Structures are given as structure tokens and as C-alpha cells.
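Please look over this structure with an eye to its ring contacts and its helix packing. A short report accompanies the model.

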Amino acid sequence: MTMTASIVKTICPFCGVGCGICLKVDEQQNLIGVEPQISHPISRGKLCDKGWSTAYAIHPVNRITQPLKRIKGRFQPISWDEALASIGDSLKAILDETGPEAVGVISSARATNEDNYAAQKFARAVLKTNNIDHCARICHSPTVAGLKQTLGSGAMTNSASDIYKTDLIVVIGADPTENHSILGGHIIDAQQKGAQLIVIDPRVTRLAKVADIHVQLKPGSNIALINAMLHTIIAQQWHNQSFIDERCDGFESLASKVEHATPESVESVTGVSADLVRKVARAYSQANSAMIMYGMGITQFVSGTQNVIALADLALVCGQVGRPGTGINPLRGQNNVQGACDMGCLPNVYPGYQDASAPEVQSKFAKSWGEEVAGKPGLTSLGMTKATLSGDFRGLVLFGEDPVVTDPDQNHVKAALKALDLLVVAELTMTETAKLADFVLPAASFAEKAGTFTNCERRVQRISQVLTPPGTAKSDWQWLKALAEQLGSQLLSWETSEQVFDEMATLTPAYQGMTYTGLDRHQGLQWPCNQGAPQGTEILHCDSFPIGKAKLLPVHCIDIDEPADEQFPLVLTTNRLHFHYGCGSMTRKSPLLERETPAGVLFINPHDAKALQLQRYSPIGVRSRRGYLETRAIITDDVPPGLVSMPYHFKEAPSNQLTNTAQDPITKMPELKACAVSVFPLPPNQAPKTVQQLWEEK
């Protein structure tokens with residue numbers, strides 16, 4: 001008998017590119033294959049290694065299929081009714097005893113827009129708190145803050161297709177071939193077809209190796225480099241004076257600020273020759289169209305917001321905004337980190353970046369929801385951690401995040417989660433964070449629910465339910481609805497994900513023209529999509545900015561918080577690997593991906609390795625002021641002397657055991673891209689111990 005397979009179109013659950021995939025399911029509802037959507041507007045019939053391995057990420061093996069409760073240190077299965085009643089009682093007790101400032105929600109950049117909208121509504125209208133955040137705090141919160149100040153909108157200004165419409169691509173602080181592989185392929189393809197490629201990065205990344213120009217600056221010297229470029233552009237009169245006069249404010253102040261920032265003056269700070277600074281400044285400013293793409297190497301610094309502002313200054317001064325093939329284009333790391341921000345899963349904004357502290361915004365949502373909303377300022381995720389350790393925060397509801405692996409200073413995070421009176425985690429598998437929970441709830445994966453994701457180019461795309469959730473797993477908005485009802489609230493009384501989306505779109509100006517039907521018809525729509533742009537918007541700021549004129553804002557150099565010293569003589573930075581994603585809880589289920597990379601490595605320059613008498617794959621210890629781990633050395637010229645690099649995907653040797661919690665004062669972004677460490681050899685026959693083994697020995 002011939003078996004027939006059904007094929008359902010949906011969207012890849014990994015990075016922010018938003019590739020189109022097809023899931024193949026047999027008659028017994030088994031996922032038997034993954035293939036690309038041939039005509040998808042972004043992925044164009046291609047998938048990266050992670051995309052091809054999607055089936056492993058949601059495989060039934062190791063999935064959580066029923067609610068679990070910690071009883072005497074062990075997890076015991078319980079019913080949904082018992083779980084919801086117990087969680088509800090605990091939340092009520094904390095609210096009665098301490099008030100809504102003592103509870104909060106951390107939502108997920110991997111969950112749908114519908115899940116995230118429900119999460120912030122649950123926090124603000126049911127719990128009455130603005131303590132709502134998600135992992136954008138530690139990836140692109142400076143993008144939202146910096147671009148909102150300068151341009152009026154904190155998102156990618158152009159579209160992925162613009163890669164093929166530009167004359168010059170500047171990639172700074174990112175390697176799209178690793179984490180955004182399909183876009184990385186587009187960039188290389190565009191270069192081969194005539195576009196010039198400039199990569200600015202302390203590491204010799206895969207993309208840097210094929211670039212026309214690689215600017216290998218020192219970590220944390222982004223502003224010094226950009227100010228020197230601005231000095232050169234203005235001194236040589238390469239700037240776009242007509243664009244500045246028509247569409248920008250603040251040029252005189254900016255020009256005055258960079259007047260003495262000559263390329264020669266920053267050579268020692270940046271490690272970049274004055275001649276190369278001038279060459280790059282000329283290439284960018286004189287290109288007919290030039291686009292900037294950037295990532296964590298810009299945002300994850302104490303200077304993160306200022307770094308983003310500096311890039312905006314550069315683009316605006318050269319008039320490289322508002323046209324095809326131009327713009328400032330942040331590469332969002334997770335599949336729905338743009339959407340989670342759009343949905344208002346941040347303590348300071350409601351959906352659509354509407355100011356949470358503004359009385360008129362609070363009134364708008366209170367009137368629509370029929371319930372008073374939170375009034376006091378909320379805590380960031382790192383703020384919740386700090387407040388827990390000081391005894392002021394007691395209950396956390398968290399889903400789709402693993403802060404024990406992904407947040408800075410792992411020991412600090414773990415201590416805070418253990419100190420909570422109530423920790424509820426909804427997850428696919430037993431992550432390091434879930435292991436600390438009082439209750440673990442079974443979550444539905446992207447293939448087991450309907451909804452939408454918003455990718456890095458602002459494209460809102462539909463995902464389709466292909467499989468039945470395992471056991472009693474639920475979509476996040478569904479269990480949030482049930483928990484709200486347990487607390488006596490009917491505010492989350494939707495029956496379908498489409499009803500959640502329609503409510504959100506009504507209240508979110510940039511989404512008001514969107515419906516599920518329209519998203520299906522157009523293969524997604526890019527916001528803003530409303531009465532003024534019913535077909536969506538491919539390029540922002542073509543004629544005007546949301547704030548009137550763009551703001552040119554001078555910024556000054558800010559040193560990294562923790563430079564190398566005698567005790568910790570090397571600077572550690574973090575990186576991502578092509579074969580893995582986030583905390584590794586999805587990609588590491590794939591034997592195809594797992595075989596490609598050892599479980600945790602440290603990249604070190606041959607000069608430093610020789611001084612430490614290290615060989616290839618030598619077992620090593622790595623120590624910072626916050627933690628210690630053991631791993632193996634990979635000796636490579638891809639990192640310069642004095643700099644070492646680690647991926648954060650591996651729970652056995654997580655770089656965030658070491659990283660710094662020093663923060664950007666505007667967004668509370670921790671400085672994950674630079675901290676001081678010492679590295680030393682372990683006995684050659686001693687295998688590195690995992691962090692878990694080291695904890696057990698304490």
C-alpha cells in the first residue's frame with residue numbers, strides 16, 4: 001500500500017531571517033521531512049543546516065508532555081487543573097502579601113506574536129505589573145532605543161531583497177554566514193554580482209575572509225572608528241548636504257563633535273590605520289547606495305545604544321536612508337525577537353512601542369481591555385534578577401527562554417532563580433532553567449500551533465499547525481488564558497490564535513491593516529501595514545521620519561567596562577556557530593548538527609597559545625571575576641593576539657559563566673562582548689569537566 005504524505009507551508013523557527021519551509025507529515029501524524037519553499041520571498045528555495053534539521057528540534061524524544069511539580073527535590077507529573085490551581089494560589093499569595101511589583105513575566109522571542117501579546121496583557125491587566133521582558137534585553141534593546149531616538153523607529157529600515165539592489169554592503173559586528181546563513185549567502189551572491197563588501201569586526205569571520213575590505217578593529221572601539229569616518233567624510237565634503245538640510249537636525253553639533261576625531265587620533269584606540277579609515281569612509285559615503293547590517297558586536301556593550309546612534313549618524317550624514325539598497329539594518333537573532341518587541345514584551349512599552357508610562361496609552365489599553373492596567377514602571381529581566389536577590393521580587397512566570405545559559409554571570413542568575421518563592425517555566429524540553437522551576441508546563445512547538453512570527457525585515461508571516469501537540473502540551477497563550485481564569489480574570493478569553501491577532505492588530509498602529517487572510521495572500525506583510533500602506537512597507541523613511549526630521553546626535557567613545565589586566569590578561573568575546581542556535585536546546589537534538597562541533601570550545605590565537613604551551617584541543621581552564629569553566633582550545637588566527645572567543649550554545653561550557661553584567665545605562669544591556677579572563681592549561685590527560693560537574697564538586 002502506498003503511503004501518502006501531506007506537505008504544509010510554515011516558517012523556520014530558528015534565526016530572524018524568517019525562511020519559508022515545508023513540513024512533510026505521514027498519515028500517522030509523524031513528521032518525516034523538511035524542505036524549502038521554492039518561491040519564498042526571502043529564502044528563495046534554500047535552507048541552512050539548521051533549517052534542514054528542524055524536525056529534530058521538535059522530535060518527541062525528551063519532550064515535556066504533562067505539567068510537572070517539584071516535590072522534595074524531584075519532579076512529579078500532575079494534571080493541568082492541579083498545576084493551574086497551585087500556581088494561581090502562589091501568585092495570589094505573593095500579590096496579597098507583597099503586591100504586583102514582586103511578580104513578573106519573561107516571554108519568548110521563539111514564541112508567536114499571539115503568545116507574546118497574551119504574555120504582556122497577562123502581566124499588565126491580570127497581574128497589574130509592567131514587569132514584562134524577554135531576551136531582546138540582551139540582544140537588540142539598544143537598537144530599539146538608539147534608532148527610535150535618531151529615526152523614530154527601532155527596526156530594520158530596508159528589506160532582505162535590498163541586498164541585491166545595493167552597490168556596497170557594510171557588515172559590522174556580525175557574521176551573517178554563521179547565524180543568518182541565508183542572508184549571508186545573499187550577501188556573497190550580491191558581492192559576486194558586483195556589490196562591494198566591507199566587514200568591520202575584531203575577528204576574522206568567515207565573511208571577513210571573502211570581503212573586499214576587512215577592518216579589524218579592537219573590541220569596543222566602534223564609536224572611535226565611526227567618529228573618525230564622520231570626521232573624514234565631513235572634512236572632505238563627502239557628506240550629502242541636501243539630504244541633511246532637508247531631513248536632519250543637529251548637523252552642526254555633530255560636525256563640531258567629530259572635528260578633532262582624525263583617523264590618526266584613533267589609530268591606537270581602534271588598531272586601524274588612518275589610511276584604511278579614509279578608504280572605508282570614502283567608499284561608504286560615495287557609493288550610490290550603501291547598506292549597513294549589524295549585530296551583537298554593536299549592541300552588546302555598555303556603549304550599545306551609543307554605538308547604534310553612531311551608525312545612524314553615519315547613514316544619515318551620507319543620505320544612505322530611505323532608498324532601495326540603503327539603510328540601517330539590525331540582524332535580529334531569534335525567529336520572533338522583532339515580533340516580541342512589537343508586541344510590547346518590554347517593561348517600558350505596550351504593543352507598537354506605545355509608551356507604558358504615558359497616561360493616554362494606559363487609558364487606551366485600559367478602555368479596550370475593560371480593566372485597569374499597571375501604572376508603576378516595570379523591571380527588565382536583569383532587574384528582576386537583582387530584585388530577587390535583594391528580596392523584593394518573589395514570583396516569575398517564564399516561557400521559551402533559558403537565562404541560566406544565555407544571561408551574563410551564570411552563577412548570579414542561578415542564585416536568583418533558586419531564591420524565588422515561585423518559578424514557573426513552560427518549555428519543550430528540560431532546559432537548565434526548567435531544572436530549577438517549581439512548576440514546569442508542557443509547551444507546544446512552532447509546528448504544533450498556529451500563529452505569526454515577525455522577521456528581522458518586519459515581515460509578519462503565518463505559521464501553521466502541522467502536528468498535534470504531544471501529551472497535554474498547549475500554546476503559550478492558551479495556558480496563560482487558563483491561568484488568568486484561575487486568577488479570576490476573563491481578559492484572555494480567546495478561542496483561536498486568529499482572535500488574539502485581531503485584537504492585537506486593532507491596538508497596534510503598524511499592524512492595523514493585517515489579517516491572517518492578507519498574510520497568507522501576500523506571503524507575509526511588512527509593517528507598517530495600515531490605511532496608509534495597505535500592502536505593507538518594504539522601505540522605511542522614504543519621504544519622512546516618524547519624528548519629523550531625523551536627529552543627528554553626537555556620541556563619545558566609551559571604554560569597555562573590564563579591560564585585560566595582569567590578573568586577567570586576555571579579553572573574552574562571545575560568538576555564534578553556524579550549526580547551533582541559542583542555548584542549544586533545539587539544535588543539539590540533531591545528531592547531524594551536534595557532530596559538527598565539540599561541546600564547547602575556546603578560540604585562541606597561536607601567539608597566546610604558544611605562551612601558554614597549548615596544543616590543538618588542549619584541555620584548559622578559563623576564569624573571570626565571576627566564574628570558572630573548563631573546555632578545549634582551538635588555535636586559530638581568526639582571533640587576534642589578546643582576544644579569545646567562545647560560543648554560548650553549550651551548557652557544558654557556557655561562556656556566560658564568565659561574562660560581565662556591566663550595563664548600558666539606557667537599556668540595561670549587559671556587556672556580553674567583552675570581559676577580562678585568564679586561560680591556563682589543564683593536565684594533558686584530564687578531560688575538561690562540565691559546569692554541572694564543577695557545581696556538584698562545590
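## Aromatic pairs around Tyr 350

The model is predicted. In it, the count of aromatic pairs comes to nine. Tyr 350 belongs to strand 14 (residues 349-350), and Phe 365 to helix 17 (residues 359-369). The pair therefore ties together parts that are 15 residues apart in sequence. Both Tyr 350 and Phe 365 are buried.

Tyr 350 also pairs with Trp 369. Here the rings are tilted, with 45 degrees between the planes and 6.1 Å from centre to centre. Trp 369 lies in helix 17 and Tyr 350 in strand 14, so this pair ties together parts 19 residues apart in sequence. Tyr 350 has a relative accessible area of 0%. Trp 369 is at 6% and so counts as buried, since the limit is 20%.

## The cluster and the charges over rings

Tyr 350, Phe 365 and Trp 369 are among the members of one aromatic cluster.

The charged end of Arg 124 sits over the Tyr 350 ring, 4.4 Å from the ring centre. Another such placement involves Arg 458 and Trp 527. There the charged end of Arg 458 sits over the ring of Trp 527, at 5.8 Å from its centre.

## Helix 18 against helix 20

Two packed helices are described by the angle between their axes and the distance between the axes. For helix 18 (residues 381-389) and helix 20 (residues 410-419), the angle is about 60 degrees and the axes are 9 Å apart. The crossing is left-handed.

Which residues of helix 18 and helix 20 make the contact? Helix 18 supplies Thr 385, Thr 388 and Leu 389. Helix 20 supplies His 412, Val 413, Ala 415, Ala 416 and Ala 419. Of the contact residues, five are nonpolar, three are polar and none is charged.

## A buried loop residue

Thr 380 is in the loop between helix 17 and helix 18. Its relative accessible area is 13%, under the 20% limit, so Thr 380 counts as buried. Leaving aside residues up to four places away in sequence, Thr 380 touches Asp 133, Arg 137, Pro 347 and Lys 668.

Technical notes:
Residues numbered from 1 in each chain as written. Predicted model: local features only at pLDDT ≥ 70, side-chain atom pairs only at ≥ 80, totals over all residues. Heavy atoms only, no water. Phe/Tyr/Trp six-rings, centres within 6.5 Å; stacked < 30°, edge-to-face > 60°. Helix = DSSP H or I, 4+ residues; strand = E, 2+ residues; numbered from the N terminus. Buried < 20%, exposed > 50% of the residue type's maximum accessible area, 1.4 Å probe, protein only. Lys NZ or Arg CZ within 6 Å of the ring centre and 35° of its normal. Axes fitted to C-alpha atoms, helices over the stretch in contact; angles between N-to-C directions. Left-handed = near helix turned anticlockwise from the far one by under 90°. Contact = heavy atoms within 4.5 Å. Nonpolar A, V, L, I, M, F, W, Y, C, P; charged D, E, K, R; others polar.
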